[in-house]
Amino acid sequence: MRKLVVEVDMAACCGAGRCAATEPRVFDQDPNNGTVVLLDPEPAPPLHESVMLCETLCPCGAISVTPVSSS
Amino acid sequence: MRPSVGHANPGEWPDICRRAVIDRVRVQGGDQVTLADEAVAPAYPMRRICPVDPPPELAAFRTGPAASRVTLWEGTRVWLVTGHAHARAVLGDRRFTAVTSAPGFPMMTRTSQLLRSQPQSASFIRMDDPDHSRLRSMLTRDFLARSVEELRPLIRDLLDGILATVAARGGPVDLVRALTLPVPSRVIALLLGIPAEAQDFFEERSAVLIDRGYTPQEVAAARDALDGYLRELVEARARQPGSDLVSRLVVDRVNTEQMTVEELVPMCRLLLVAGHGTTASQAALNMLSLLTEPGLAAELRRDPDLVPGAVEELLRFHSIIQNGLARAATEDVRLGDILIRAGEGVVISLSAANRDEERFPSPDTLDPHRDARRHLAFGHGVHQCLGQWLARVELEEMLSAVLQWLPDLRLAVPVEELEFRNDVSSYGLAALPVTW
């Protein structure tokens, strides 16, 4: 089964909030400065598509999603 | 030869656009022009044929190299980027600066040339990091999706008040004057704590700032008047702070020496000007689409859950920052098949990128069912619009309220008599006379 590993770069994050709006089950925002809070670094397959969309939508390139083949 | 195109003026819509429903112009002549040729650097911006479509030449550029040479009004040549992927790449790349005084920075208008010589008046959209992020992050909290969501009931009340009066009075009415301009302007004024009696003052000055019809001197005078007013507001809030954004910025940021008053004033000006003119332009075009796109209004009325997605699609489709965003390369950057050298200017056409068929199939069709979230109407990169969530809430609520209050809405004038604002940095309608 395909596994996705999500990583966030706090230094790059500009708090735009596209990720939290798109996939709130995986991303949240710090209520004070808007920076990303990663809720689930290995989201279940039904969330993969929207998590990959979050990677694309992030204006600052702060989200990286890597497929990992699990044995 | 490239097709010669006329101006999208009232009464001059070409026959191809002149139907009860606004139709789209097909792309012409794309394969006849060698856009990569250094000798061919056509004048930019090009002119629209159809008032709701970008100039057709942009589609031809999109099929060409990653960037093409164009000539600006004062004769300088810059790179024009039209493809979605390349636009994203440039806007997300910190080797391109947003500082207007940088070598090679595209001067889109006579006014931008004047303002370049006065960098002290620049707001953070004309800065790079770290200054940009230092100042912008002071505002992040107030413009978070969840923060502006709290304003939704207030915006709804404002709309209900306005539309109840409009509906009771009866048509015809100009929706720009009655609704799409005053609503965003009152919301941003409320946020900043600008008293209602100053509304006209700042609306008039802000309108001058974004209109190319005024001379650079007139624009500078309007800006100085606005800055003078904002400086007084800042001083008043310093003496007696309230709960508004300006008061909090004075108390939390200026008094703690994280920011100077000289930085706060242009910041307030940016919020004021960018905060209402753009939303107002987009909202008016959204209303136009409701009136001219077959079935759109009926569908949104039937299924209100479609409204947020429709707003994304309308943002993509209209792309009101019609002449795009300007940047300059600070080092040599390879973009696809093109080498952009340090000190060269780049213009990123958001409207062309948002009609890229590789990203959006049938891009010239307005489809409320499309997932349009990848549009670049709010830009991309660290400068992506701070107020995007507020804009979304306002646009969604304006659309819903009009659908609810004015069910039989129709244009009060023939469609070809509508006057579009082509010389304003955010494309829009001068007026939208409707009746019901």
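Modeller: Helices, of at least four residues (H or I), and strands, of at least two (E), are DSSP runs numbered from the N terminus. The model is predicted, and the angles below are computed from it. Most residues other than glycine have a negative phi, and most peptide bonds are trans.

Two residues of chain B may be taken up for their phi angles. B:Glu257, although not a glycine, has a positive phi of about 65 degrees. This residue is placed in the loop that runs between helix 11 (245–254) and helix 12 (261–292) of chain B. With a relative accessible area of 72%, B:Glu257 is exposed. B:Ser319, also a residue other than glycine, has a positive phi near 35 degrees. Its place is the loop between helix 14 (307–318) and strand 5 (325–329) of chain B. In contrast to the exposed B:Glu257, B:Ser319 counts as buried, at 3% relative accessibility; the cut-off for buried is under 20%.

The peptide bonds come next. B:Tyr44 and B:Pro45 are joined by a cis peptide bond, with omega of about -5 degrees. B:Pro45 belongs to the segment before helix 1 (57–62) of chain B. A cis peptide bond also links B:Gly171 to B:Pro172, and here omega is about -5 degrees. B:Pro172 is located in the loop between helix 6 (152–169) and strand 4 (173–174) of chain B.

Terms used:
Residues numbered from 1 in each chain as written. Chains lettered and ligands numbered in written order. Predicted model: local features only at pLDDT ≥ 70, side-chain atom pairs only at ≥ 80, totals over all residues. Heavy atoms only, no water. Buried < 20%, exposed > 50% of the residue type's maximum accessible area, 1.4 Å probe, protein only.
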